Amino acid sequence: MSTALARYRISAAEFARMGEAGVFPAERRLELVDGEVVEMSSIGPRHGNSVASATDVLAGHLAGRWTLRVQSPLQLGPHDVPQPDLALVTRRNYGDAHPTAADALLVIEVADTSLLTDRRDKLPRYAAAGIPETWLLDLAGGRLERHSEPGLAGYQQVQSARRRETLGSTVLPGLTFDVTGLLGP
């Protein structure tokens, strides 16, 4: 007869202390998802180029109110500190803390090899945390998805676009992404 072992979920504070103490190798890209330390995929050229293109588009819509954070931690709750590829957060000095879900207007995940984990693990957490809009750029599928109207059961609205199409934001008027521009040639 086997007994299921209890799993210990670490908190965001414990994760931060472990990082400060040098528990994790400096070259590892790690994030905290549901209390588990998860190694992030490496950033390939397509992924990096797409992040840079999205950064260029978003930079024109900051209007002094927002800060664009690139591949930086976002505190969603006591057990979730993912590192989205891009996050548009309230412009202020966060001191010794990371921005929280309440600070985030828009999050973008670029998925080359991470599509399944982004869709299954991250998007539901962004929605449950109340982030108004999340975009998922599926590099392999050649598609951009806009997820809006967050709730505990996930995002209620999903709209997608493919190459040679554009897709606009529901939270930032005038923000439109050209899918071909984000995916590259």
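Visitor: Which residue forms a salt bridge with Glu109, and how far apart are the closest N and O atoms?

Guide: Lys122 does, with the closest N and O atoms 3.2 Å apart. A salt bridge here is a side-chain nitrogen of Lys or Arg within 4 Å of a carboxyl oxygen of Asp or Glu. The model is predicted, so local features need pLDDT of at least 70 and side-chain atom pairs count only at pLDDT 80 or more, while totals for chains, interfaces and linings use all residues. Residues are numbered from 1 along each chain as its sequence is written, and side-chain values use heavy atoms, with hydrogens and water left out.

Visitor: Which parts does the pair Lys122 and Glu109 tie together?

Guide: Lys122 lies in helix 3 (residues 115–128) and Glu109 in strand 5 (residues 104–111), so the bridge links parts that are 13 residues apart in sequence. Helices (H or I, at least four residues) and strands (E, at least two) are DSSP runs, numbered from the N terminus.

Visitor: Is Lys122 buried or exposed?

Guide: Lys122 is buried, and Glu109 is too. Buried means under 20% relative accessible area, exposed over 50%, and partly exposed in between, with a 1.4 Å probe and protein chains only.

Visitor: How many salt bridges does the structure hold?

Guide: There are 11 salt bridges. One of them joins Arg28 and Glu39, with the closest N and O atoms 2.7 Å apart. Arg28 sits in the loop between helix 1 (12–20) and strand 1 (30–33) and Glu39 in strand 2 (residues 36–39), so this pair ties together parts 11 residues apart in sequence. Arg28 is partly exposed at 41% relative accessibility, and Glu39 is partly exposed at 45%.

Visitor: What about Asp138: which residue is its partner?

Guide: Asp138 forms a salt bridge with Arg143, the closest N and O atoms being 3.6 Å apart. Asp138 is buried at 4% relative accessibility, whereas Arg143 is partly exposed at 22%. Elsewhere, salt bridges with shared partners join Arg9, Asp34, Asp80 and Arg125 into one network.

Visitor: Turning to the largest nonpolar core, which residues touch the most other members?

Guide: Among its 24 residues, these are Leu58, Leu88, Ile108, Leu144 and Phe177. A nonpolar core is a set of buried Ala, Val, Leu, Ile, Met, Phe, Trp, Tyr and Cys residues joined through side-chain atoms within 4.5 Å. Strand 5 gives the largest share of this core, four residues.

Visitor: And which residues does Ile108 touch?

Guide: Leaving out residues up to four places away in sequence, Ile108 touches Ala54, Leu58, Pro84, Asp85, Leu86, Trp135 and Phe177. Contact means heavy atoms within 4.5 Å. Another core, apart from the largest one, has 12 residues, among them Ala87, Tyr94, Val107 and Ala127.

Visitor: Which element gives the largest share of the lining of the largest pocket?

Guide: Helix 1 does, with six residues. On a 1 Å grid over the protein atoms alone, a pocket is an open set of points where a 1.4 Å probe fits, with protein on both sides within 12 Å along at least five of seven lines; lining residues have an atom within 4 Å of a point. The largest pocket is lined by 18 residues, and Phe15, Ala16, Gly19, Pro73 and His98 lie nearest its centre.

Visitor: Where does the largest share of the lining of the second largest pocket come from?

Guide: Helix 3 supplies that share, four residues.
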